[in-house]
Amino acid sequence: MIYLDNAATTRTAPGVVEAMLPYFSEYYGNAGSIYGLGSKSKRALITARETIAMTLGAQANEIYFTAGGTESDNWALKAVYESCRSKGCHIITSKIEHHAVLHSCKYLEAHGAQITYLDVDQDGLISLEQLKRAIRPDTILISIMFANNEIGTIEPMEEIGEIAREHGILFHTDAVQAYGHLPIAVDKMHIDLLSASGHKFHGPKGTGFLYVNGRTKLSALIHGGQQERGRRAGTENVPGIVGLAAAAGQAALCMEERAETESRMRDYLIERIQEKIPGAQLTGHKKMRLPGHASFCFAGIQGESALIMLDMQGICASSGSACTSGDPGPSHVLLAAGIPEETARGSLRFTLSEENTVEELDVVVEALAGIVEKLQRRI
Ligand SMILES: *Cc1c(COP(=O)(O)O)cnc(C)c1O
């Protein structure tokens with residue numbers, strides 16, 4: 001099997017699994033309990049929080065553990081809206097956000113919010129000018145993703161943060177694709193809230209966090225006990241959180257090296273596909289893109305058909321987003337980037353990890369060339 005769908009999820013790293021195991025079987029105490037077994041769990045949570053805070057240049061008490069990226073996005077948007085109601089009801093986001101953000105926005109619109117959805121250019125970048133023009137006296141939040149899951153484009157975080165700060169508006173970023181892959185400094189980028197997900201950087205599924213700047217007051221998401229400083233109640237997922245932090249620590253440690261390996265393979269794959277397959281069109285920004293991310297549109301084919309044929313040859317890829325499969329329409333991200341509906345149906349995404357090899361990529365290019373040719377001839 002050749003796995004090229006790391007933007008959908010990653011393999012939990014062996015070291016991460018190893019770090020988690022004792023917290024299932026040996027140190028299973030409730031972190032809220034008084035006795036030694038409980039404090040073992042409590043200490044693990046403290047260490048995990050510190051590790052994650054360190055990777056962002058944040059404070060430990062600014063990290064809230066959640067069950068993943070979707071929850072973090074929902075929490076950030078809904079809680080800011082609730083907390084800032086008296087100040088205004090206007091939120092600015094983009095047309096290419098993940099559905100965790102877009103559908104939260106739709107929900108808030110039904111509850112009185114007014115949302116501006118910024119356009120993107122053909123590379124998937126928002127316009128800072130359009131962002132500035134969209135700001136109103138009642139704007140309470142700007143939520144722009146760090147890097148896009150479908151086309152890999154990295155948005156200008158520092159510039160967006162600067163604009164938000166100048167206007168005294170909170171800035172949230174869905175950094176699920178970026179965290180653990182790109183350097184992030186919440187201070188320098190003026191980020192007030194940031195969502196991340198463990199399973200996108202070799203951590204366990206169902207784990208994640210929301211960073212909330214200490215100056216920002218956020219209402220509770222889940223009511224109950226005093227866990228997560230009373231903002232996200234429920235017995236902590238100690239093994240999951242330990243795994244999340246282990247993956248975060250590992251990612252921080254070898255980020256530069258991994259990014260270099262991945263982007264070298266990414267560029268090789270892009271080059272070979274464009275060489276071998278006529279009409280292959282790269283989607284997203286050529287340079288400002290995630291290290292392991294290669295995405296294309298192939299004229300005259302259905303992405304889904306190509307995926308099935310790739311799978312028959314043991315190759316795992318995606319047509320864009322795992323979360324939109326089952327949704328027959330072309331991707332909202334590709335349409336926002338101005339790609340015609342017909343072309344957008346032929347989208348394929350290959351996302352690498354450092355575990356991939358150039359030999360694997362050669363196999364994929366060969367297989368893909370045959371599949372695209374076959375599908376194009378059918379029409
Ligand atoms: C995967 C993903 C999410 C959702 O994260 P989960 O942990 O799977 O809920 C949100 N945003 C982006 C950009 C993603 O890629």
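## Ground rules

Keep in mind that this is a predicted model.

## Around the ligand

The shell around the ligand has 13 residues, and the ones that come nearest are Thr70, Asp174, Gln177, Ser197 and Lys200. By type, the shell splits into 2 nonpolar, 8 polar and 3 charged residues. Helix H4 (residues 69-83) supplies the largest share, with 3 residues.

Now for the polar side-chain atoms. Asp174 puts one 2.7 Å from a nitrogen atom of the ligand. On the oxygen side, Ser197 has a polar side-chain atom 2.6 Å from a ligand oxygen, and His199 has one 2.9 Å from an oxygen atom of the ligand. As for cover, the ligand on its own has 380 Å² of accessible area, and the protein covers 89% of that.

## The three-stranded sheet

Elsewhere in the model, 3 strands make an open, antiparallel sheet in the order S9-S10-S12. Which strands stand at the edges? They are S9 (280-282) and S12 (347-351); each has a single partner strand, so one side of each has no neighbour in the sheet. From one strand to the next, the twist averages 30 degrees.

Zooming in on one pair, S10 (residues 293-298) and S12 are joined in the antiparallel sense over 5 bridges. Within that pairing, Cys297 sits opposite Ser347 in S12.

## The helix across the sheet

Helix H9 (residues 255-276) lies across S9, S10 and S12. Its direction is at about 15 degrees to S10.

Conventions:
Residues numbered from 1 in each chain as written. Predicted model: local features only at pLDDT ≥ 70, side-chain atom pairs only at ≥ 80, totals over all residues. Heavy atoms only, no water. Near = heavy atom within 4 Å. Polar contact = N/O pair within 3.5 Å; in protein donor to acceptor, adjacent residues only side chain to side chain. Areas by Shrake-Rupley, 256 points an atom, 1.4 Å probe, with all protein chains shown as cover. Helix = DSSP H or I, 4+ residues; strand = E, 2+ residues; numbered from the N terminus. Nonpolar A, V, L, I, M, F, W, Y, C, P; charged D, E, K, R; others polar. Pairing = 2+ DSSP bridges. Axes fitted to C-alpha atoms, helices over the stretch in contact; angles between N-to-C directions. Contact = heavy atoms within 4.5 Å.
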